[in-house]
Amino acid sequence: MYRINCIGILTSGGDAPGMNAAIRSVTRTAIFNGIQVKAIYRGYKGLITGEIKEFHTEDVSNIIQRGGTILKTARCKEFMTPEGRQVAFETMQREGIDALVVIGGDGTFTGAHIFGQEYNVPIVGVPGTIDNDLWGTDSTIGYDTAMNTIVEAVDKIRDTANSHERLFFVEVMGRDAGFLALNSALASGAEAAIIPERLTKEDQLEELIKNGFRKSKNSSIVIVAESPSTGGAQGLAERMHREHPEYDVRVTILGHLQRGGSPKAYDRILASRMGVAAIDALLDEQRSIMIGIVNDEIVHVPFSKAIKDDKQVNPDKLGVLQILSI
Ligand code: ATP
């Protein structure tokens, strides 16, 4: 039995739209429950350098609609070493922080898992990443907004693809996961998605050529996941140039614009619910878990499973994409 008087909150890894809504929710829920909140800046780096400030309810006013993270984020190599984590723990002791809420992706939770075990620190994770690659949750904060950003961009690319009768490879983020690529392909009416999950089974590019791009149309858009295993949009375009020079191929790499912008309503609501759930979980003496959402219900997922188990794209969606691109 322990009592939590003060929590630390940080955002880590890549930024994702909706992180601010999560910071707001965690902060206000903690204060609502009589818990002091310390904001840690620049992810685990701030825990090592001691860049920490107490947050009151007004510190999180007017941020629910803002993209990025007001706490800043960073990738911190020192936290990957036992020495770095020891300094982080000393900072926590000095600041009187009893528990942590960490908002980030699989790397963030890997670090949290190790740190929590080493120093017996209660830590709860809130999934904030556009990649949606964490096992045990239907969605991560930022994924829906990023997908909408991609769809808006592809709609624009389609105008020029049509006018010039071209084949466009549009590269989207997602690391080694094809969620963004597959779902944005469905939502934008693209001809195909080339995703890492399928590459061991067949050559997706050859399959596309063999089936023929849609004959009734004068342009085609293929969404490509950025993973090295797909070859990326540039790699695929070079292959097309060599093997099928009859196609007029263009490449668009959407890059960091996918991360920015105001979070959509879905991500704001998700972040608000997950933030409340994170504090509830700590009060319930849970630790080393990630908050997830499954069938619109909040769930608790052990870090060990969230980061290790493989989350699969739904293969039915590939079938839908194929049917609708005839
Ligand atoms: P995103 O999926 O958006 O990139 P992420 O949380 O996966 O987010 P990473 O850069 O992989 O982003 O991880 C964030 C931070 O977590 C790292 O900079 C590091 O400080 C910490 N971290 C990652 N892996 C470990 C590890 N094995 N041990 C300790 N800390 C780690």
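This is a predicted model: local features need pLDDT of at least 70, side-chain atom pairs count only at pLDDT 80 or more; totals for chains, interfaces and linings use all residues.
A polar contact here is a pair of N or O atoms within 3.5 Å; within protein, one must be able to donate a hydrogen and the other to accept it, and residues adjacent in sequence count only if both atoms are side-chain atoms. A polar side-chain atom of Thr-108 sits 2.5 Å from one, a backbone N or O atom of Gly-107 is 2.9 Å from one, and Thr-129 brings a polar side-chain atom to 3.4 Å. Of the 620 Å² of accessible area (Shrake-Rupley method, 1.4 Å probe) that the ligand has on its own, the protein covers 88%.

Around the ligand are 19 residues (a heavy atom within 4 Å), with Arg-75, Cys-76, Asp-106, Thr-108 and Arg-175 coming nearest. Helix H4, residues 106–119, gives the most to this shell, with six residues; helices are DSSP runs (H or I) of at least four residues, numbered from the N terminus. By class, the shell has five nonpolar, nine polar and five charged residues, Gly counting as polar.

A pocket is an open set of points on a 1 Å grid over the protein atoms alone, where a 1.4 Å probe fits, with protein on both sides within 12 Å along at least five of seven lines; lining residues have an atom within 4 Å of a point. The largest pocket holds about 490 Å³ of space. Its lining of 26 residues includes Ser-12, Gly-13, Arg-75, Gly-107 and Thr-108, which lie nearest the centre.

Technical notes: Residues are numbered from 1 along each chain as its sequence is written. Side-chain values use heavy atoms; hydrogens and water are left out. Helices (H or I, at least four residues) and strands (E, at least two) are DSSP runs, numbered from the N terminus. Grid points are joined across faces, edges and corners, and a volume is the space filled by probe spheres set on the points.
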